[in-house]
Amino acid sequence: MSVIYVLLTISVLVAVLFFIAFIVSVKSGQYDDSYTPSVRMLFEDELVKKQKPSTSKANKEKIQLNKQV
């Protein structure tokens, strides 16, 4: 029975050590994404082209009012 307590204690200590290592790596910037922003600007034009054809309801109403006047 005492072996279970020893293994449980060791596993909790290992888990705490991994958690501390994770927190330290996050704070040091290990998981910062420096690649995506540089690539995003290359594909930005494609996103704008896809969004242009869809006009909002307010714009459609303005267009209709302009046609009536």
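Visitor: How many of the residues here count as buried?
Guide: Of the protein's 69 residues, 1% count as buried. Keep in mind that this is a predicted model.

Visitor: What's the secondary structure like, helices or strands?
Guide: There are four helices and zero strands. Read from the N terminus, the order of elements is α-α-α-α.

Visitor: Where does Ser 25 sit?
Guide: In helix α1.

Visitor: And what does Ser 25 touch, leaving out residues up to four places away in sequence?
Guide: Gln 30 and Tyr 31.

Visitor: Tyr 31, then. Where is that one?
Guide: Tyr 31 is in the loop that runs between α1 (2-27) and α2 (36-40).

Visitor: Buried or exposed?
Guide: Tyr 31 is exposed, since its relative accessibility is 55% and the exposed class starts over 50%. So the buried Ser 25 touches a residue, Tyr 31, that counts as exposed.

Visitor: Switching to rings: how many aromatic pairs does the structure hold?
Guide: One. The partners are Phe 22 and Tyr 31, with 5.9 Å from centre to centre and 45° between the planes.

Visitor: Why does that pair get called tilted?
Guide: Because planes under 30 degrees apart count as stacked and those over 60 as edge-to-face, with the rest called tilted. The 45° of Phe 22 and Tyr 31 falls in that remaining class.

Visitor: Which residues form the nonpolar patch on the surface?
Guide: Phe 22 and Tyr 31 both belong to it, together with Leu 8, Val 12, Val 16, Phe 19, Ile 20, Ile 23, Val 24 and Val 26. The patch has about 930 Å² of accessible area in total.

Visitor: What does UniProt list for residues 6-26?
Guide: An unreviewed UniProt entry gives residues 6-26 as "transmembrane region".

Technical notes. Residues numbered from 1 in each chain as written. Predicted model: local features only at pLDDT ≥ 70, side-chain atom pairs only at ≥ 80, totals over all residues. Heavy atoms only, no water. UniProt positions renumbered as here; feature names shortened; annotations may be inferred. Phe/Tyr/Trp six-rings, centres within 6.5 Å; stacked < 30°, edge-to-face > 60°. Buried < 20%, exposed > 50% of the residue type's maximum accessible area, 1.4 Å probe, protein only. Patch = residues over 30% accessible without salt bridge, like charges linked within 9 Å, V, L, I, M, F, W, Y side chains within 5 Å. Areas by Shrake-Rupley, 256 points an atom, 1.4 Å probe, with all protein chains shown as cover. Salt bridge = Lys/Arg side-chain N within 4 Å of Asp/Glu carboxyl O. Helix = DSSP H or I, 4+ residues; strand = E, 2+ residues; numbered from the N terminus. Contact = heavy atoms within 4.5 Å.
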